[in-house]
Every structure is written in structure tokens, then in C-alpha cells.
Amino acid sequence: MDKSKLISKLEAGFPGAVLQVQRFGKTETQCLWIEGKRIREVARGLKEDFGFNILENLSVMQIDDALVLTYFLRTSDPETGNYGECLIVRLSAHLKKPNHALEVASIVDFWATALPFEMEAGELFGIHFVLEGGTKRIVTGLRLPVGWRGYPLRKNYVFPESFSGVRHERAWIEKAGGKK
Amino acid sequence: MSSREILKTELAKLALGPFDSALPGPLRLQMELDGEVIVSAKVETGFIHRGLEKAFERQRWIASISYADRLDPDGPIFGELALCLAVEEIAQLTVPPRAEQVRVLLSELGRISCHMEYLVRVARAVGSDTMIHYVLRDREKILDLFELTTGARYSINFLRFGGIQADITEGFIERILELSELFRIRVKEYNDLFTYNHAFIQRTQGVGTLSSKRVRELGVTGPNARAAGFSADIRKIHPYSGYDKIDFEVPVADLRGLRSGDANDRFLLRLREIAVSTEILRQVAENISDGAFCSRKQGQEIKVPAGEAYVRVESARGLLGCHVAADGGPMPARIQFRTPSHAHLAAIPELLSGTRLEDLPVVLSSLGLGVAEADR
């Protein structure tokens with residue numbers, strides 16, 4: 001489908017949900033910024049009406065005081081598995097307090113492949129993904145040792161001086177110009 | 001007349017791992033067993049999490065390559081390549097043709113090496129010591145080639161933004177051609193040892209079958225998806241590093257057969273991929289270009305402008321994606337990897353459900369999991 005048609009259809013189907021359309025990096029791939037609260041209805045529409053049946057990747061990063069979630073979607077040929085169109089959907093969630101977890105709606109019901117990405121982002125970025133029905137998925141002990149505090153992939157994260165009685169020596173990192 | 005006595009039993013619980021010879025790496029399986037049949041299985045991972053993605057953000061750009069190299073110890077070249085392609089896209093760096101060809105040579109050597117590691121794991125699971133010795137003997141020749149050119153047998157740390165670290169050493173191309181000739185013979189030997197081996201077929205056929213429908217739903221890619229009939233291969237769909245100039249076929253399991261997507265298919269498909277990679281090696285080595293090996297001065301700090309890129313390469317295990325974001329500073333703002341083993345791990349519970357306990361090592365080894373790349 002023509003990308004501009006897709007975007008106008010999305011805008012008509014979900015009025016106000018698409019906040020901005022831009023190119024992704026230096027590629028021709030379209031990147032849609034959508035309203036965070038409406039991710040589930042947009043996800044349903046993209047899968048059921050537009051045929052984006054593959055969630056290839058979910059990447060999270062922090063920009064200033066917001067976490068940006070990037071969903072890499074694809075259409076795929078059911079027979080050969082060959083990839084077709086690519087679409088990137090983005091939402092940002094504002095961090096009201098730097099060390100507090102925030103909530104984002106889960107899209108696992110639409111793409112099962114989202115689960116490991118959501119689990120990892122949940123623990124390392126401090127995102128509680130909210131399932132259909134309102135249950136929050138709070139992940140601990142998946143990548144980090146039980147009892148580890150904080151969300152290491154956030155920009156303001158400060159490594160603890162020690163954990164479980166083991167002191168962390170990080171002087172060499174600072175010497176090399178790295179951030180503490 | 002005696003009446004039949006029915007013994008009431010409960011399901012037994014068995015925890016395996018995180019370190020066990022039946023497992024492909026550090027992970028824990030929590031299983032419920034009905035006699036010798038696995039009723040349910042739950043996978044726990046994270047035992048080898050190294051905080052790689054955080055480490056990227058604390059190093060300068062040039063150092064990030066050596067971290068990407070550690071993404072998957074069995075195939076270090078793929079992490080390096082994905083990162084370099086992404087950074088080159090953001091910084092608009094060109095790569096000389098000779099460097100592109102060396103990248104392809106190292107990628108295919110890495111693919112064969114990783115597949116041979118896979119053959120060893122499967123051979124160990126079915127108890128074939130002969131195969132283990134034969135394959136490890138041949139894999140040494142690939143590691144010798146890595147050492148000859150990069151100075152390292154593992155963790156080669158050889159790619160650079162805009163090319164490669166150094167030109168190839170004398171005799172490298174000749175040895176590639178010798179190796180490709182040798183492997184044509186070796187693949188036949190492996191076929192004789194395994195493909196037509198009655199005992200091996202009995203141990204692997206119909207075990208751990210992954211249907212094409214589930215492959216799509218779980219996001220399984222690479223040889224495991226092609227063993228279930230999907231032909232997707234990034235080298236063909238979105239060619240990079242000059243793969244579009246190479247004449248090769250992507251092996252796919254024949255869906256017309258009665259079975260598809262079992263452990264036997266996954267094994268055979270990798271054998272066919274070794275043969276294809278051998279052919280790619282021969283073609284590239286025969287047509288290697290002269291000229292520069294890097295478009296930038298060695299050791300020079302790189303200034304990556306603000307921007308982002310997402311690239312995909314076909315690693316030995318499947319689709320490896322790399323999302324890089326730069327804010328114009330001396331260190332990456334964010335580097336994230338989408339690894340194929342993530343999806344393979346998600347397939348384990350349903351593959352093990354209903355499987356006999358004795359087949360567990362066969363199912364797990366046949367998936368070709370890289371636990372290190374999944375945990376990162």
C-alpha cells in the first residue's frame with residue numbers, strides 16, 4: 001500500500017492518534033509518532049486492517065526526560081516469510097520522577113513477539129506494561145540479580161558502590177572518559 | 001478375577017540448569033514430567049546478562065565495536081558488522097569494495113564456524129563422538145584463517161567504521177580457495193556420517209517439530225525458519241556488503257514432504273548452508289578487488305553526527321537487527337540489538353511439551369540457540 005494512503009487512512013480511522021509523520025534516519029521508511037494512550041487501538045488497526053503481521057523489534061531509549069518506544073513493524077508473505085513493507089511506530093512516555101516506573105499499554109495480544117522485548121524493557125527501563133483488563137506486568141529477576149535497585153538503562157542511573165557485599169571498581173571507566 | 005489396580009501419581013517436577021551438559025548455555029528449565037514425558041516447561045534466562053547495551057553508552061564510538069563483537073561468542077563478526085553498517089549509515093561513510101568483500105568472506109567463515117559448532121552440539125546430543133572429532137578438526141582450519149588475518153581466533157574485533165582494521169595477510173585468499181575445495185568434500189563426509197545414518201534419522205526425525213505457522217507467530221528467523229519452509233534471508237531480501245553481486249541460492253526445506261520443521265530438517269538445512277557459504281567464499285575470493293581497505297585513517301576518533309539507523313544482517317542464527325541512536329557526542333546515545341535467539345528461546349516451551357525426556361538435548365541443540373546473544 002502507498003505510505004501516504006496508509007497514513008491518511010490511519011488518521012481517518014484514529015483521529016488525533018497520529019501526532020507526527022517523519023522519515024526514519026536517512027531512509028525512506030516512515031516513522032509515525034502516535035499518542036501513547038492509543039497504542040493498542042493503533043496496533044490492532046495496523047495488524048488487522050493494514051496487514052503488519054510482524055513485530056520485528058521493540059527498542060526503547062531515553063531522550064531527556066522521556067522514554068521513547070520504537071516499534072519496528074513489517075508485513076510478511078505468509079507462504080515464503082519474505083518481508084514486505086516496513087513501518088516504524090513511536091510513542092514517548094514522560095518520566096514524571098526520574099527513578100519511578102511508568103506505565104505503557106502492552107501490545108502482546110497483537111504480536112506475541114513483543115513479550116521478550118517488553119519483559120526486558122520492563123526491567124531495565126522501569127516500564128510497567130499494562131495488559132488488557134488493567135493488570136500490570138512488573139518484571140524483576142529476569143536480567144538483573146534479585147534485589148538490584150534502579151533501572152540501569154536510564155540515563156540518570158548511577159551504579160551502586162557495591163552489591164551483595166562485592167565492591168564495584170569503576171575508576172578505570174572515569175579515567176577513560178566514561179560517565180559515572 | 002482380580003481387578004486392575006490404578007496407581008494414582010502426580011506430575012514430577014524437574015529443574016535443569018543453569019549449567020547442564022544438555023543445555024545450549026546458561027539457562028534454567030523448570031519442567032513437569034508425566035513419567036518420561038515432559039508436560040510443561042518454563043525457561044528462565046538472564047544468567048549470562050553482561051549489561052552490554054549499557055556498556056555501549058559508556059564507551060567511545062571506536063570501542064563499541066569490540067563490545068558488539070562479544071554479542072555472540074560463536075559468531076562475533078555479525079554483531080560487529082551490524083553495528084558498523086548502522087554507524088556508516090548515520091555518518092554517511094563509504095566502504096571500499098575490497099573491505100566489503102573481506103567483510104563477506106569473514107561473515108561466511110563465521111557462518112560456517114557457527115554451523116559447525118551447531119553440528120558438534122547435535123552430535124553430542126545424539127552421542128556421535130566420531131562426528132564431534134571430524135567437525136572440530138575442520139573447524140580449526142577456519143579459526144586458523146581468522147588468526148591469520150585478524151590475529152585472533154575468537155572475538156576478532158576486526159571491522160572498523162568505513163572498512164576493516166588492516167588489509168588481509170599474504171596467502172589468505174589462497175587458503176580460502178583451498179578451504180572451499182576441502183569443505184566441498186567434507187560436506188559429503190558429514191552427509192555420509194549423518195544424513196543417511198539410520199540411527200541419526202531415528203533420533204531426530206519428528207522430534208521438536210516447529211510448524212511454519214508458529215515460526216511466523218514467534219518471529220523465528222534464519223535456518224530454523226527456512227527448515228520450516230520459509231525462504232526469508234536478509235542477504236537476498238535487503239542485500240548489504242555486496243551480497244547482491246554474488247550468485248547463490250538460499251536453501252529451504254521442501255514443504256512438499258510429509259514432515260517439515262523438525263530437528264532433522266534444521267540439521268540438514270545447516271549442512272546445506274555450509275555448502276552455500278563455501279560457494280560464496282569461492283566466488284568472492286576469486287574476484288577480490290584491489291584497493292584501500294578502509295575509507296578512514298586507522299585509530300582516528302570518529303565523529304558521528306546526531307541521527308539514527310536500524311540495520312539488519314543475516315547472522316548464522318537468523319535476523320540480527322541493530323538500532324543505533326547518536327546525539328552527536330563522543331559516545332553512543334543508544335545501541336540496541338534484536339537477536340534471533342530471543343525468538344528461539346520463546347519456542348522452547350511448546351517444543352518440549354509432549355517430548356520425551358531423552359529427546360530434550362536433541363530438541364535444544366537442534367535450535368542452535370545463542371544464550372549469550374539473547375541475554376546480552
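Guide: Start just after helix α12 of chain B, where Gly354(B) takes a positive phi of about 90 degrees. Helices here are DSSP runs of H or I with at least four residues, strands are runs of E with at least two, and both are numbered from the N terminus.

A word on the source. This is a predicted model, in which local features need pLDDT of at least 70 and side-chain atom pairs count only at pLDDT 80 or more, while totals for chains, interfaces and linings use all residues. Residues are numbered from 1 along each chain as its sequence is written, and chains are lettered from A and ligands numbered from 1 in the order in which they are written.

Now step back into the helix itself. α12(B) has 13 residues. From first C-alpha to last it reaches 19 Å, close to the 18 Å expected at 1.5 Å a residue; the expected span is 1.5 Å times one less than the number of residues. The helix is not straight throughout: α12(B) bends by about 25 degrees at Ala346(B). That bend is the angle between axes fitted to the seven residues ending there and the seven starting there. A proline, Pro349(B), follows within four residues.

How much of α12(B) is covered? Mostly: 11 of its 13 residues are buried. A residue is buried if 20 or more other C-beta atoms lie within 10 Å of its own, exposed if 12 or fewer, and partly exposed in between, with C-beta atoms placed from the backbone. The buried residues include Pro340(B), His342(B), His344(B) and Leu352(B). Ala346(B), the site of the bend, is also among the buried residues.

Two residues are in contact if their C-beta atoms, placed from the backbone, lie within 7 Å.

The secondary structure of chain B comes to 14 helices and 8 strands. Buried residues make up 52% of its 376 residues. Of the contacts in chain B with a separation of 6 or more, 71% join residues 24 or more positions apart. The C-alpha trace spans about 90 × 45 × 35 Å along its principal axes. For 376 residues, a compact globule would have a radius of gyration near 21 Å, and the 22 Å of chain B agrees. This radius is taken over C-alpha atoms, and the globule rule is 2.2 Å times the number of residues to the power 0.38.

Elsewhere in chain B, another glycine has a positive phi. Gly35(B) takes one near 65 degrees, in the hairpin of β2(B) and β3(B), with 2 residues between the strands. Those strands, residues 28–34 and 37–44, pair in the antiparallel sense over 7 bridges. Two strands pair if DSSP finds at least two bridges between them. Arg28(B) stands opposite Glu44(B) in β3(B).
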